Amino acid sequence: MSHQPFETWLLEDRRSLSEEEQQNLQQHLERCSDCRRLEAKWQEVRLEMRAAPMVAPRPGFSRRFQAGMAERRVREQRRQAWRVFIAFGSSAAAVFAGFMIYAFFFSTTAEWVQSVVTLLSTTVGAAETTRSLVSTWMQFTPFSLNLTVWITVGVTFCFLVLLWVFAIWRTSLVGVINK
Amino acid sequence: MINLDAAVLRQAIQGDEEAFTRIVETYQRPVFNLCYRMLGQAQEAEDAAQETFWRAYQHLRRYDQQRPFATWLLSIAAHYCIDQQRKRRLPTLALELMPDEDAPDPAPNPERVFAQLEEKGQLQSLLARLGPQDRAAIILRYWYEFSEDEIAKTLQLTVSAVKSRLHRARKELALSWESQSTASLAERRKNESPAL
């Protein structure tokens with residue numbers, strides 16, 4: 001015996017069926033014990049589900065949520081800080097690797113050596129120029145002005161170093177606050 | 001379903017934590033119930049409900065205010081529980097961790113409590129036989145009175161997919177219920193005293 005479409009109908013909301021469909025279903029149920037049993041069992045389950053209450057969490061759920069939220073926020077901030085570090089680190093590594101690959105494929109060993117020597121001589125030349133500029137400056141300016149300039153430069157440098165150290169410490173320990 | 005004050009929701013979206021706590025207080029029961037019916041264990045349901053609210057808090061700015069807030073929140077809970085179900089494969093049920101009910105009986109009656117626990121256990125074990133998405137569809141239909149369209153939106157399925165999932169789940173539940181009651185009857189007969 002075919003159970004379709006009766007099986008579909010009996011598992012649906014009866015109100016969605018037309019009068020004719022309901023009559024056909026009723027006639028089929030009178031003849032078919034399998035569908036009758038299925039219908040009876042489905043109605044029992046449906047009633048069980050309708051009677052089952054909404055279960056509530058243990059008291060203090062929102063308090064636990066607030067406590068958990070503070071922990072999660074710290075964790076999330078640390079995770080974000082790590083993401084920033086990893087992103088910067090991997091970008092720097094990628095640029096360096098790209099440069100090395102480019103140099104490996106498009107330069108000979110002689111060119112490498114030449115580049116290194118040129119870089120070193122340029123650096124030494126630049127340092128020498130700076131030194132002569134500084135000594136000329138010191139010869140032609142009064143001592144008090146020199147002292148002021150050196151103190152300003154020194155303090156600024158120390159401040160920047162401290163700022164950098166603090167930024168690293170804060171980002172790694174507390175994370176970036178994203179409001 | 002509970003309706004939330006629009007002003008509270010607006011405040012929460014603007015970052016007011018107190019307003020969000022009010023949202024948690026308002027929706028803790030429906031969210032917890034969904035998680036509990038999906039996962040079958042009170043502790044897991046607690047964790048899932050907490051995770052749901054955390055995710056909602058994180059993505060509150062993305063919430064489309066044209067959509068009912070409860071549907072959006074339950075959608076997060078349902079998806080999280082479906083993922084958890086897929087991860088663990090074998091559902092378990094801990095009767096000793098049953099959470100509080102809506103209306104606790106003022107007069108404790110051990111037999112009645114046991115019968116209730118047994119019924120709840122039976123219902124949960126029936127639900128546990130369904131696939132995660134079928135289970136979510138059934139829970140949304142019978143505990144939250146969601147229409148097929150609302151279930152489709154919540155679970156990100158088509159309406160026809162919801163219809164076929166509901167049909168399959170109802171049949172599975174009816175057949176499982178039949179086999180469960182047959183087994184329970186046989187067990188009761190085995191334990192009956194011959195003198196009675």
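A crossing of two helices is called right-handed if the near helix is turned clockwise from the far one by less than a right angle. Keep that in mind for the first of these views, all drawn from a predicted model.

**View 1. Helices α4(B) and α6(B) make a right-handed crossing.** Helix α4, residues 69-88 of chain B, packs against α6(B) at an angle of about 150°, and their axes lie 9 Å apart. On the α4(B) side you will find B:L74, B:I82, B:Q85 and B:R86, which meet B:P132, B:Q133, B:R135, B:A136 and B:L140 of α6(B). Sorted by class, this contact comprises five nonpolar, two polar and two charged residues.

**View 2. Chain B and chain A bury about 3800 Å² between them.** Carbon and sulfur atoms give 62% of that area. In chain B, the residues losing the most area to chain A are B:W54, B:Y142 and B:W177, together 17% of what that side buries. The contact draws 42 residues from chain B and 31 residues from chain A.

**View 3. A salt bridge joins B:E178 to A:R37.** Their side chains come together with an N to O distance of 2.5 Å. Between chain B and chain A the count is six salt bridges, and 15 residue pairs are in polar contact, both residues at pLDDT 80 or more.

**View 4. Several helices of chain B supply the side that touches chain A.** At least two residues each come from α2 (17-39), α3 (42-58), α5 (110-128), α6 (132-142) and α8 (159-191). Helix α2(B) gives the most, with 12 residues. By class, this side of chain B has 20 nonpolar, eight polar and 14 charged residues.

Methods: Residues are numbered from 1 along each chain as its sequence is written. Chains are lettered from A and ligands numbered from 1 in the order in which they are written. This is a predicted model: local features need pLDDT of at least 70, side-chain atom pairs count only at pLDDT 80 or more; totals for chains, interfaces and linings use all residues. Side-chain values use heavy atoms; hydrogens and water are left out. Contact means heavy atoms within 4.5 Å. Buried area is the accessible area (1.4 Å probe) that two parts lose on being put together, summed over both. A salt bridge is a side-chain nitrogen of Lys or Arg within 4 Å of a carboxyl oxygen of Asp or Glu. A polar contact is a pair of N or O atoms within 3.5 Å; within protein, one must be able to donate a hydrogen and the other to accept it, and residues adjacent in sequence count only if both atoms are side-chain atoms. Helices (H or I, at least four residues) and strands (E, at least two) are DSSP runs, numbered from the N terminus. Ala, Val, Leu, Ile, Met, Phe, Trp, Tyr, Cys and Pro count as nonpolar, Asp, Glu, Lys and Arg as charged, and the others, Gly among them, as polar. Axes are lines fitted to C-alpha atoms, for helices over the stretch in contact, and angles run from 0 to 180 degrees between N-to-C directions.
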